[in-house]
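Me: Could you take a close look at one part of this model with me? I'd like to go through the aromatic rings.

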Amino acid sequence: MMTDIDEVARALSRAGQWGQALDLLDAAGGSALTAAECAVESDWFAGTELAAGRLTRCAGDGWDLRLLTLRDEYARQLGTPGDPGDLYRRCAELSAAAPDERRRGWAQMWLGLIADNLMGDRERAPGHYRAALRAADDDIYLEREALRHLGDHDLENGDVASAAARWERATALSARGGMIPGLLSQQLLLAVLARETGDTAGALLLAREIARAAAAIGAARLHERVAGFITETTAPGRSPRRA
């Protein structure tokens, strides 16, 4: 059961204060599952290695723990190839067994990400994202995630207007939800959009500010992504795609 301590810790984690969130949970006797969730977020944005240890402290085999464990495995497979087909199958089982529509939406979100980024199945992924978006209802975090990735497919398909609309909405949701690293990662997509439509100067201006903010909160992995974007954008002879 989620307590006030858990809610405060989750808010700290969304704001990029992962260490403070974990310290609070440890000091105040918060949920081991919430601590594991904060650790997964820290690993994702800051490149720490906290999730594995925190996940082992969680008791039982409930639905939320199983999805969180799958999220951690997904992140690990991005760096070290594993068996994405098995991960996809297990996530599909979680979707079928979800105790409510919102959780089913999150399972659909991760099915899309696995298909997209581990299996390379760009045709399958959008259907999962659309299912996640339908299930989001008043879950702004799920809505944001679905819009982020649907916008990516829009841009790839040449629909710049739809990509812009989805990404601008996702940016606003990131801010509303207090997601500082999430807001920065979403703004990076706006920089991508600017670059791909020919505004290289605007893209670089935004990206450099994102890099500055990511470094300030210790989001090392995000900072690395932004630095890569800047390097790629300033590479000699690069021609932006104009849709």
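Which charged end sits over the ring of Trp-44?

Reply: Quick note before we start: this is a predicted model, where local features need pLDDT of at least 70, side-chain atom pairs count only at pLDDT 80 or more, and totals for chains, interfaces and linings use all residues. Residues are numbered from 1 along each chain as its sequence is written, and side-chain values use heavy atoms, with hydrogens and water left out.

Now, your ring: the charged end of Arg-221 sits over Trp-44, 4.8 Å from the ring centre. "Over" here asks for NZ of Lys or CZ of Arg within 6 Å of the ring centre and within 35 degrees of the ring normal. Arg-124 does this too, with its charged end over the ring of Tyr-88, 4.8 Å from the centre.

Trp-44 also belongs to a cluster, linked by ring pairs to Tyr-74 and Trp-110. Rings of Phe, Tyr and Trp (its six-membered ring) pair if their centres lie within 6.5 Å; planes under 30 degrees apart are stacked, over 60 edge-to-face, and the rest tilted. Searching the whole structure turns up three aromatic pairs. Trp-18 and Phe-45 make a stacked one, because their ring centres are 6.1 Å apart and their planes are at 15°. That pair joins distant parts of the chain, 27 residues apart: Trp-18 is in helix 2 (residues 18-28) and Phe-45 in helix 3 (residues 32-46). Helices are DSSP runs (H or I, at least four residues), numbered from the N terminus.

Trp-18 is buried at 5% relative accessibility, and Phe-45 is buried at 10%. Buried means under 20% relative accessible area, exposed over 50%, partly exposed in between (1.4 Å probe, protein chains only).

Technical notes: Helix = DSSP H or I, 4+ residues; strand = E, 2+ residues; numbered from the N terminus.
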